[in-house]
Amino acid sequence: MIGKIKKYVKSIMSEKRYEHTLGVAKSAKKIAKMYGVSEFDAEVAALLHDCAKNRTIEEMKRVITKEEELSEEEYNLPEILHGFAGAIYARNLFRIEEKNILNAIKYHTIGRKNMSQLEKVIYISDVIEPGRKQEGVEKIRELVYKGEIDCAILIETEEKIKYLLSTGRVVHTNTLEMRNSILLKHGKRCKLLF
């Protein structure tokens, strides 16, 4: 199955996007092992996390609305639609029925409250894969590999929210809820780490 998925994503992605995808898969397998998550599930979700990225916004909306109702917020945030559409394509093209894998693909850009460990692995792997060079990524990587995935996600989420606010963009409700739930559970410990 992994071979088929790699062949498929390579055929639909630019070379740069494919390299990013392989980087996410490599990171996801390593992180999954650390956090007791199935490496196979992590690799499948990572390889498919951007499988809808090359689709048009109209096509993604059409595919998604056949399956579920988008909120007005989601409908007007094109940058997050590929996660929602990607979960549908993963299910339809590769007969993936494992809800945890599908949710990891679906929520990899916005997160959500009470994510599973697999969802966390894919979310943070997308942020810290080896090709990522943004400011602050080293601290996030360091926390992940020290066993502090929740704190890493908290830092990343707070930086994402600052960026979105500074550029006058909408912050998805899921992202705020994810940040708040992690902060309530782990905030004191995390603040000591950064």
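**Close-up A. Burial of Phe84 and Tyr107 in the predicted model.** In this predicted structure, Phe84 and Tyr107 are both buried.

Close-up B. Tyr8 belongs to helix H1 (residues 2–12) and Phe94 to helix H6 (residues 78–94), so the contact ties together parts that are 86 residues apart in sequence. Tyr8 has a relative accessible area of 18% and is buried; Phe94 is likewise classed as buried, at 14% relative accessibility. Each residue counts as buried because its value falls under the 20% cut-off.

**Close-up C. The ring geometry of Phe84 and Tyr107.** The ring centres of Phe84 and Tyr107 lie 6.2 Å apart and the planes stand at 70°, so this pair is edge-to-face. Phe84 is located in helix H6, whereas Tyr107 is in the loop between helix H7 (99–106) and helix H8 (117–128); the pair therefore ties together parts that are 23 residues apart in sequence.

**Close-up D. Arg55 and the ring of Tyr89.** Arg55 is positioned over the face of Tyr89, at 4.1 Å from the ring centre.

**Close-up E. Lys61 and the ring of Tyr75.** The face of Tyr75 has Lys61 lying over it, at 3.9 Å from the ring centre.

Conventions. Residues are numbered from 1 along each chain as its sequence is written. This is a predicted model: local features need pLDDT of at least 70, side-chain atom pairs count only at pLDDT 80 or more; totals for chains, interfaces and linings use all residues. Side-chain values use heavy atoms; hydrogens and water are left out. Helices (H or I, at least four residues) and strands (E, at least two) are DSSP runs, numbered from the N terminus. Buried means under 20% relative accessible area, exposed over 50%, partly exposed in between (1.4 Å probe, protein chains only). Rings of Phe, Tyr and Trp (its six-membered ring) pair if their centres lie within 6.5 Å; planes under 30 degrees apart count as stacked, over 60 as edge-to-face and the rest as tilted. A charge sits over a ring if NZ of Lys or CZ of Arg is within 6 Å of the ring centre and within 35 degrees of the ring normal.
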